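Let's take a walk through a protein together.

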Amino acid sequence: MEWHKWTEIENLETEKRKESKSFQYANSIKEWVVTEKIDGTNFGLNITRDDWQFNSRNNLLGKMSSFYNIYANVDMFKPLIEHTQKELVEQNGIQQVSFQGEYFGQKVMNRIDYKCLYDYRLFGMYYVIDGNKVTQSFKHIEEILKQFGLEDRVVPVLGTFTTFEKATQYKNDNSSTFNENASMEGIVIMPYSVPHNFEGYDLIFKNKNEKFCEKMKRGHNVPEDIPSEEIQRMKTLKEIFKKYITESRMYSVISKIGKPSSEKEYGKYVNSFIEDAWKDFMKDNEGLTFTDKERKFITNIGSEGFIIFSVIVEKMKNTA
């Protein structure tokens with residue numbers, strides 16, 4: 001079974017990211033789609049003629065995997081698997097079809113009430129042809145799922161726009177399409193008629209509702225007048241780093257790794273949590289370099305990571 005990791009989605013909110021080559025290239029594309037960002041866990045479904053297998057954000061999942069009970073809920077995926085094997089695989093040289101989507105519900109993350117225990121929606125797909133990955137456009141996904149009679153399995157489309165700028169102006173805090181009494185997590189913006197990796201650029205962006213942002217909105221960039229004295233400088237950098245230490249980030253990490261069974265597992269979650277925060281911190285401050293000792297000082301958040309992890313584990317007990 002062949003597997004390719006899905007593109008990491010860039011945030012729109014940071015000015016430095018708006019200077020990226022992908023962001024600049026996006027302005028040359030004339031057709032965009034805005035979809036609801038669903039608060040669940042990213043998953044893939046890889047299908048060949050005789051087999052199929054799920055993957056999480058970071059790896060293929062063996063069929064004994066307990067990852068959010070996804071294999072126990074395979075019946076909801078069977079129509080997609082059967083249609084794909086019958087109507088797509090081995091036609092036009094297609095060896096494998098891989099769908100990408102969001103798996104969600106009260107038994108998954110449960111921060112937003114989507115009025116279901118488990119469900120899924122799809123937003124991406126690629127073919128494997130002659131051993132090569134061929135990414136498909138969002139428009140193609142819609143067409144294929146309509147052909148299967150599964151058009152309701154596409155992520156909720158909020159609008160299509162003729163320019164990237166118009167798409168980025170769409171509000172990120174409207175009511176969810178699944179529950180008008182709940183706010184949506186945010187929006188995702190991608191090209192409509194061409195693949196999101198068109199011409200080698202990563203052309204998929206997210207704009208999160210402030211309630212669900214993985215860092216505090218302000219103060220995450222290092223100021224130009226940062227103190228020159230070494231001790232004060234490092235203390236200032238540590239305080240800036242702490243702005244990335246949020247419950248929303250821990251939820252994001254848990255969605256990738258899988259739900260913890262108890263607080264005893266805190267080690268791997270807190271380590272991944274700090275690594276994720278550091279990665280974001282460095283993206284926002286690309287010009288900075290640190291020794292291992294400096295990085296260790298900046299990222300030493302004491303018991304705060306464990307406290308955040310414990311709070312979320314308690315909140316998630318009702319979803320077990």
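A few ground rules come before the tour. This is a predicted model, so local features need a pLDDT of at least 70 and side-chain atom pairs count only at pLDDT 80 or more, while totals for chains, interfaces and linings use all residues. Residues are numbered from 1 along each chain as its sequence is written, and side-chain values use heavy atoms, with hydrogens and water left out.

Let's start with empty space. Rolling a probe the size of a water molecule over the atoms shows where empty space is left. The search here runs on a 1 Å grid over the protein atoms alone: a pocket is an open set of points with protein on both sides within 12 Å along at least five of seven lines, whereas a cavity is a set of points where a 1.4 Å probe fits but cannot get out. A residue belongs to the lining if one of its atoms is within 4 Å of a point. Grid points are joined across faces, edges and corners, and the volume is the space filled by probe spheres set on the points.

The largest pocket has a volume of about 890 Å³. Its lining is made of 42 residues, and R57, K206, E214, S252 and K256 are the ones nearest the centre. Which elements give two or more residues to this lining? They are β2, β3, β9, β10 (205–208), α6 (247–257) and α7. Those labels come from DSSP runs, numbered from the N terminus: helices are H or I with at least four residues, and strands are E with at least two. Helix α6 gives the most, with eight residues. By type, the pocket lining splits into 20 charged, twelve nonpolar and ten polar residues. Here Asp, Glu, Lys and Arg count as charged, Ala, Val, Leu, Ile, Met, Phe, Trp, Tyr, Cys and Pro as nonpolar, and the others, Gly among them, as polar.

The whole structure has two cavities of 30 Å³ or more, and the largest cavity holds about 60 Å³ of space. Around it sit 13 lining residues, with Q136, S137, F138, M190 and H196 nearest the centre. Two or more of the lining residues come from each of β6 (119–129), α3 (138–148) and β9 (186–191), and β6 has the largest share, with three residues. This lining has nine nonpolar residues, four polar ones and no charged ones.

Next, look at charged partners. A salt bridge (a side-chain nitrogen of Lys or Arg within 4 Å of a carboxyl oxygen of Asp or Glu) turns up 21 times in the whole structure. Take E185 and K37, whose side chains meet at 3.3 Å, N to O. E185 lies in the loop between α4 (164–168) and β9, while K37 is in strand β2 (residues 32–37), so this pair links parts of the chain that are 148 residues apart. Are these two residues buried or exposed? Both E185 and K37 are buried, a word used for under 20% relative accessible area, with exposed meaning over 50% and partly exposed in between (1.4 Å probe, protein chains only).

E185 and K37 also belong to a network of salt bridges that includes D39, R111 and K208. D39 sits in the loop between β2 and β3, and its 5% relative accessibility is why it counts as buried.

R49 and E90 make another pair, with their closest N and O atoms 3.4 Å apart. R49 is in the loop between β3 (41–47) and β4 (52–55) and E90 in the loop between α2 (78–87) and β5 (94–104), so the bridge ties together parts 41 residues apart in sequence. R49 is partly exposed at 48%, and E90 is partly exposed at 49%.

D75 and K78 form a salt bridge too, at 3.4 Å, N to O. D75 is exposed, with a relative accessible area of 55%, while K78 is partly exposed at 39%.

Last stop: the surface. Y266, F306, I307 and V311 form a nonpolar patch there, with about 330 Å² of accessible area together. Patches are made of residues with over 30% relative accessible area and no salt bridge, like charges being joined within 9 Å and nonpolar side chains (Val, Leu, Ile, Met, Phe, Trp, Tyr) within 5 Å. The areas come from the Shrake-Rupley method with a 1.4 Å probe, and for residues only the protein chains shown count as cover. Helix α9 (residues 304–316) supplies the largest share of the patch, three residues. Y266 lies in helix α7 (residues 266–284) and counts as partly exposed, at 40% relative accessibility.
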